[in-house]
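Subject: Structure handover and findings

Hello,

Here is the structure I promised to pass on. Please open it alongside this email.

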Amino acid sequence: RLGKINESIILLEDLIKKSPEFEVGYFFLIEQYLAKKQFILAIKKTEFMEEKFGKQGQIFYLKGLSYYYLNWWLQAFVEFGKAKKMNFSSKTFLRIYGLAAEKIGKTKLCINLLKENIELAPLHNPPNIKGVKERVSVL
């Protein structure tokens, strides 16, 4: 519910209380926390989900995204790595994983992830092609 984040959070928290096994509700709630920039709450909820539902690529991705928005690059990179090992995929995942890699000095990995992102989703939020070409020419 665009523009009604607080109401969405209240509804989702109520849904989770009534149906704690409803895994999707947790994912929606975390997305609302991210939209509201409540990154620490999002991290705590991903940790709870991991305990309750086990290790999942989407959980690692959302946790990494929370760290990314906090500018905690190394933690984001680690979580994104876990998501990739579990074959998690989305149109934005490889791009943001690549950006986190760049932030911690892993430029070659960044380039590879951005290339992979372009191959998988060439028209979805394309990364800065000029920047990628410049970095590739340096290597």
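Below is what was found, going from the whole chain to single contacts.

This is a predicted model: local features need pLDDT of at least 70, side-chain atom pairs count only at pLDDT 80 or more, and totals for chains, interfaces and linings use all residues. Residues are numbered from 1 along each chain as its sequence is written, and side-chain values use heavy atoms, with hydrogens and water left out.

**Overall fold**

The protein chain has 8 helices and 0 strands. Its pattern along the sequence reads α-α-α-α-α-α-α-α. Helices (H or I, at least four residues) and strands (E, at least two) are DSSP runs, numbered from the N terminus. The chain has 139 residues, and 38% of them count as buried. Buried means under 20% relative accessible area, exposed means over 50%, and partly exposed is in between (1.4 Å probe, protein chains only). The chain exposes about 8,400 Å², with carbon and sulfur atoms supplying 56% of that area. Accessible areas come from the Shrake-Rupley method with a 1.4 Å probe; for residues, only the protein chains shown count as cover. Contact means heavy atoms within 4.5 Å. Among contacts with a separation of 6 or more, 47% join residues 24 or more positions apart.

Leucine 12 sits in helix H1 (residues 5-18). Leucine 12 has a relative accessible area of 12%, so it is buried. Leaving aside neighbours within four places in sequence, leucine 12 contacts Gly25, Phe28, Leu29 and Gln32. Leucine 12 and glycine 25 are 13 residues apart in sequence, yet 6.2 Å apart in space, C-alpha to C-alpha.

Phenylalanine 28 belongs to helix H2 (residues 23-35). Phenylalanine 28 is partly exposed, because its relative accessible area is 43%.

**Salt bridges**

The whole structure holds 6 salt bridges. A salt bridge is a side-chain nitrogen of Lys or Arg within 4 Å of a carboxyl oxygen of Asp or Glu.

- Lysine 18 meets aspartate 14 at 3.1 Å, N to O. The two are separated by about one helical turn, because they are 4 residues apart in helix H1. Lysine 18 counts as exposed at 64% relative accessibility. Aspartate 14 is partly exposed, at 35%.
- Lysine 63 meets glutamate 79 at 4.0 Å, N to O. Lysine 63 lies in helix H4 (residues 57-69) and glutamate 79 in helix H5, so the pair ties together parts that are 16 residues apart in sequence. Both lysine 63 and glutamate 79 are buried.
- Lysine 84 meets glutamate 116, with the closest N and O atoms 3.2 Å apart. This pair links distant parts of the chain: lysine 84 is in helix H5 and glutamate 116 in helix H7 (residues 107-120), 32 residues apart. Lysine 84 is partly exposed at 30% relative accessible area. Glutamate 116 is partly exposed at 28%.

What surrounds glutamate 79? Not counting residues up to four places away in sequence, glutamate 79 touches Phe60, Lys63, Gly64 and Tyr67. Its relative accessible area is 5%. A network of salt bridges links Glu79 with Glu47, Lys63 and Lys82.

**Aromatic rings**

There are 14 aromatic pairs in the structure. In phenylalanine 93 and tyrosine 97, the ring centres are 5.6 Å apart and the planes are at 20 degrees, so this pair is stacked. Rings of Phe, Tyr and Trp (its six-membered ring) pair if their centres lie within 6.5 Å; planes under 30 degrees apart count as stacked, over 60 as edge-to-face and the rest as tilted. Phenylalanine 93 and tyrosine 97 both lie in helix H6 (residues 93-103), 4 residues apart, about one turn of the helix. Both are buried. Phe93 and Tyr97 also belong to one aromatic cluster with Tyr61, Phe77, Phe80 and Phe88.

Best wishes
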